[in-house]
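Here are my notes on the model, point by point. Please keep the viewer open while you read.

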Amino acid sequence: MRLGVNLPQTNKYDLARDVTEFARAAEEIGYDSLWAYERILAPEDSSGAHGLYGVPDLPWPDSYSHTTDALVTLTLAAAVTRRVELGTGVLVPGLHLPFRLARSLAALDAASGGRVIAGLGSGWSIDEFAATAPRPIEERGAALDEFLDVAAAVWGPDPVSFANERYRVAPSRVNPKPARRVPIFLAGGNRTALSRIARRADGWLPTAIPPRQVGAVLAGLREQAAAAGRDPAAVGCVFQLGVRSLAEVPDAGRQPYTGGPAQIAEDLVALAEAGVDHAYVTLASAARDLKDLITAAQRLHKEVRAAGL
């Protein structure tokens, strides 16, 4: 299993130095990928539909009020690493102009020597969409599909041309091109999202789902992909394993994705048995500072490799 870890992006870190120092350390430890997520604001009002994940009245975590830009964060990491892949987990295309976002991802891939993984989602925050999105949140699925169409054109050979009811690219040279075909992994678990993954993506980017359920959904995705004329083996999975603490918990009755490094390693073994071949762990959320984050990354990597992954 390829193993990744997320980069520090919140104000409990010294962002002038900690992103680059941790990126270097993670690559030296042996991690395979580094990840950054997108949050552009945190509303003061979380009542009703403004709640976290669109859940009425659910408060947003304080960390979301200070989140560095995902592509800037990954660019910093790219500049001081040579081997690790660089993933967005997740980026919301609906919050961006599709042509500009496709070009930015291409530039990052070219600058990093072909290391970008585009982890994308349709989004859920009505406040983020109201602040910046070209389309309303009700059209977030259409916005994601539109981005996939635009990106396919922009990342393809010159001359690039594209036209739909909203945008037109006259035959043009658009560069730099990605250094490789950028793999696209899509988040989501409803029928529409899974159908899009089966038809259009390199794989699925889930989180907080028990391993047995992950295996069942993956099997269904591959069946859908085969029915659409695709090679089912081409549909992969990158799992985001979210942790908020690395404190050991009793094994009896332990919920998945809780506990210390050895217990998290057990969960990763279960995910590998379910068909996941790449996972990343949100250690930055569980650590106190850069020193603590590097120590946690060392401990986790040691436990995961000792478990045979």
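1. Start with Gln213. Gln213 sits in helix α7, residues 211-227. Helices here are DSSP runs of H or I with at least four residues, strands are runs of E with at least two, and both are numbered from the N terminus. Gln213 counts as partly exposed because its relative accessibility is 44%. The cut-offs are under 20% relative accessible area for buried and over 50% for exposed, with partly exposed in between (1.4 Å probe, protein chains only).

2. A word on the basis. This is a predicted model, where local features need pLDDT of at least 70 and side-chain atom pairs count only at pLDDT 80 or more, while totals for chains, interfaces and linings use all residues. Residues are numbered from 1 along each chain as its sequence is written, and side-chain values use heavy atoms, leaving out hydrogens and water.

3. Two strands pair if DSSP finds at least two bridges between them. Strand β1 (residues 2-6) and strand β10 (residues 278-281) pair in the parallel sense over four bridges.

4. Arg2. This residue is found in strand β1. Which residue of β10 is the bridge partner of Arg2? The partner is His278. Beyond its neighbours within four places in sequence, Arg2 is in contact (heavy atoms within 4.5 Å) with Asp32, Glu85, Asp277, His278 and Ala279. Arg2 counts as partly exposed, because its relative accessibility is 35%. The C-alpha atoms of Arg2 and Thr192 are separated by 28 Å, at 190 residues apart along the chain.

5. Helix α3. Its 15 residues (98-112) should span 21 Å at 1.5 Å a residue, and the end C-alpha atoms are 21 Å apart, which agrees. The expected span is 1.5 Å times one less than the number of residues. The buried residues of α3 are Pro98, Leu101, Ala102, Leu105, Ala106, Leu108, Asp109 and Ser112. Seen down the axis, they fall within an arc of 160 degrees, so they line one face of the helix. The arc is that of the directions from the helix axis to the C-beta atoms. An α-helix has 3.6 residues a turn, so residues three or four places apart point the same way.

6. Around α3. What do the buried residues of α3 pack against? They pack against α2 (70-79), β3 (85-88), β4 (116-120) and α5 (140-154). The face turned away from the buried side carries the exposed residues Arg100 and Ala111. Just after α3, Gly113 takes a positive phi of about 75 degrees.

7. Backbone checks. Most residues other than glycine have a negative phi, and most peptide bonds are trans. A cis peptide bond joins Asp158 and Pro159, with omega about -5 degrees. Pro159 lies in the loop between α5 and β5 (160-163). Another cis peptide bond joins Asn175 and Pro176, with omega about 5 degrees. Asp57 is not a glycine, yet has a positive phi of about 70 degrees. Ala208 has a positive phi of about 60 degrees. Ala208 is found in the loop between β8 (203-204) and α7.
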